[in-house]
Amino acid sequence: MIKGVIFDWAGTTIDFGCFAPLNVFIEIFNNKGIAITVQEAREPMGMLKKDHVRAILSMPRVSKLWAEKFNREFNENDVEELYSDFEPALMSILPDYTDIIDGVLPICAELRSKGIKIGSTTGYTRKMMEVVTVEAAKKGYTPDCIVTADDVGTGRPHPFMLYRNMQNLGLYPPKSVVKVGDTITDIQEGLNAGVWSVGIITGSSEMGLTESEYRALPETEKIELGKQVKKTFFDAGADYVINTINELPVLIDEINDSQNQYLLLTPGPLTTTKSVKNVMLKDWCTWDNDYNSIIQKLRCDLVKLATNKTSDYTAILMQGSGTFTVESVIGTTVEQNGTLLVITNGAYGDRIAEIAKVLKINTIVQDSGEVDPPDLVKLRENLQINPDITHVAIVHCETTTGMLNDIEAAGKIIKEYNKVFIVDAMSSFGGIPIDVSDLQIDFLVSSANKCIQGVPGFGFIVAKTTELKKCKDRSRSLSLNFYDQWQGMESGSGKWRYTSPTHVVRAFCQAVLELEQEGGITARYARYKNNQKTLVNGMKHLGFKPLLPESLHSPVITSFYYPENCNFSFIDFYNFLKGEGYVIYPGKISKAQTFRIGNIGDIHEKNIWGLLSAIEVYLIR
Ligand SMILES: *Cc1c(COP(=O)(O)O)cnc(C)c1O
């Protein structure tokens, strides 16, 4: 979030074209019998003026002229002498070069109304600024902070004038600050400070024209000149270049948008990496081979992530959020006279039962409430007394509470009775090791925006091919018929029926690559576990109590009770943490007041520590 803008003075906010010092530099060298060019006088602009004198003298052509004229190299005494000519000459003309550049006053008012502080740095000395600030104030320009090189001991390109502004105005970190200037040394100052360094074209010293000269230029020449100045700033490393100060508010919005303003500590969508977001900037044709070959590779990669026995399984991608894919599996796998047993202990299990009900599928629901694990004795009993059951569905990580259900033990019982085994591994696949073959899972469902760390837009199924083949003509839906989707992808070499979410798919490919680069699911599991352990220990230390006993926790998301003995408001807590850069999640259970904190996505231990200290600040406020 941008909290402050620090402007240069001459050429940026006053003195269009930065002419005051220019003429004086030319004059003092002339008095010594040395003719310097406008270009030479301008080049070091932005530096502290004494450094500027030395920089001109150090230019090979000027050094040579000096040596010829005085029969020796220039020395520090010459710098002092020239500067002693410079200062009074400049002081006498300075008040005439303090006109405010167009746009500065309204833009500063607009920035201030958004709570943005206005600071300033300059190549002028404190003594010069005493004149400049008085004149500028008469014309309405009064920044919140003015720092000169004498205040901090050294000028540009060192960053210390910026740091002093940041200290005085309470601005941090550096990426919450924008520096705007019109010279190369301005750009360098910004870069050295680590703030956003922005060059301004119109009225700049780099452009070097007076306002009337500039206005008189034909439009095409203005554009051409602007291009050259822009290139000079970018070559110097500028983060952004603007034509006039009027573009600053939009630029600030853009910078704010480009920075992830907060981390999502939620069950999805999650915080994704910049590289995952970046690959979405290209458009793809769904018909083209370039795109479809990506799909085929992705399907193979998903099967590899799900099992070592890759030849027995296939992967199918399905448009929509995760629930659409769950619905496609329930609606496509259970035959017309089949019966589905749903094991539920939370909202996502309940959702499977609801889907089955809407689709008019015979359904038996085995519910163990919100805070207890599935009852496996009951499961066996249900399978025993209901021989009609053909399919059994269970959620792996019940995201409602964060509970991790024992699908291995459940699977063993389900397979003893030879039932088709469906697992909603939405919030665990990619973050917790699962081998569908070892666990005897026939259909596993997950989606793009959970532990694989992609963005939302589609789900996928890892299916045992022999079981999938039995599903022809069973679907209760056209678009959610994942058997037909599979057929389409097989015969069309990766083609989706109906428009596919191309950008999301591309981001997902990048996410799969990054999962591999992290060290695969084992490494990601270790990171998530460590995040969750750090979170729970830290929260306990702060006095919070987790809803579940530790043995039932998943490394994905954790529910905490509201703190006791205080007027706790979740909304207030939420808003405070959001302001500090962390978005958490409300609770989802009916029997107790809870909230949830997720730790999946591009989240690392240091982020958890950051969150914990923000929570600590909230509590002691
Ligand atoms: C996220 C999630 C889903 C799917 O939710 P959508 O909002 O449809 O993406 C399903 N089951 C579980 C366990 C989940 O965590």
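Guide: In this predicted model, the second largest cavity has a volume of about 40 Å³. Its lining is formed by Glu 327, Ser 328, Gly 331, Thr 332, Leu 359, Arg 476, Ser 477 and Leu 480. Sorted by class, that lining has four polar residues, two nonpolar residues and two charged ones. A search of the whole structure finds two cavities of 30 Å³ or more, and the other of them will be considered below.

An open space may be described next. The second largest pocket holds about 320 Å³ of space. It is lined by 25 residues, and those closest to its centre are Thr 323, Tyr 348, Arg 351, Met 426 and Lys 450. Helix H16, which covers residues 322-333, and helix H17, which covers residues 347-358, each supply at least two residues of this lining. H17 provides the largest share, with four residues. The classes here are twelve nonpolar, eight polar and five charged residues.

The protein is divided into domain 1 (1-257), domain 2 (279-511) and domain 3 (520-620). Domain 2 and domain 3 each contribute at least three residues to the lining of the second largest pocket. Between the centres of domain 1 and domain 2, taken over C-alpha atoms, the separation is 61 Å.

Two bridges hold the antiparallel pairing of S19 with strand S20, residues 594-598. Within this sheet, Pro 586 is placed opposite Phe 595 of S20.

The largest cavity comes next, with a volume of about 80 Å³. Of its 14 lining residues, the nearest to the centre are Asp 8, Ala 10, Gly 46, Lys 49 and Gly 123. This lining has five nonpolar, four polar and five charged residues.

Phe 25 is located in helix H1, residues 20-31. Its relative accessibility is 0%, and it therefore counts as buried. By contrast, 54 Å separates the C-alpha atom of Phe 25 from that of Val 617, which is 592 residues away along the chain.

The loop between S1 and H1 deserves attention as well. Thr 12 belongs to this loop, and with a relative accessibility of 2% it counts as buried. Apart from its neighbours within four places in sequence, Thr 12 makes contact with Phe 7, Ile 101, Val 104, Val 180, Gly 181, Asp 182 and Ile 200. Asp 15 is found in this loop too; its phi is near 55 degrees, a positive value in a residue other than glycine. Cys 18, likewise in the loop between S1 and H1, also has a positive phi, near 55 degrees. Such values stand out because most residues other than glycine have a negative phi. Asp 15 is buried, at 6% relative accessibility, and Cys 18 is buried at 2%.

Strand S1, residues 4-7, leads on to its partner S2, with which it pairs in the parallel sense over four bridges. In this pairing Val 5 faces Ile 118 of S2. S2 also runs parallel to strand S3, residues 145-147, and three bridges join the two; here Gly 119 stands opposite Cys 145. Four of the five residues of S2 (residues 117-121) are buried, so this strand is largely enclosed by the rest of the structure.

Two peptide bonds complete the account. The bond from Arg 156 to Pro 157 is cis, with omega near 5 degrees, and Pro 157 lies in the loop between helices H8 (149-152) and H9 (160-169). Gly 268 and Pro 269 are also joined by a cis peptide bond, with omega about -5 degrees. Pro 269 is placed in the loop between strand S7 (263-264) and helix H14 (274-278).

Methods:
Residues are numbered from 1 along each chain as its sequence is written. This is a predicted model: local features need pLDDT of at least 70, side-chain atom pairs count only at pLDDT 80 or more; totals for chains, interfaces and linings use all residues. Side-chain values use heavy atoms; hydrogens and water are left out. On a 1 Å grid over the protein atoms alone, a cavity is a set of points where a 1.4 Å probe fits but cannot get out, and a pocket is an open set with protein on both sides within 12 Å along at least five of seven lines; lining residues have an atom within 4 Å of a point. Grid points are joined across faces, edges and corners, and a volume is the space filled by probe spheres set on the points. Ala, Val, Leu, Ile, Met, Phe, Trp, Tyr, Cys and Pro count as nonpolar, Asp, Glu, Lys and Arg as charged, and the others, Gly among them, as polar. Domain bounds come from an automatic or database domain assignment. Buried means under 20% relative accessible area, exposed over 50%, partly exposed in between (1.4 Å probe, protein chains only). Two strands pair if DSSP finds at least two bridges between them. Contact means heavy atoms within 4.5 Å.
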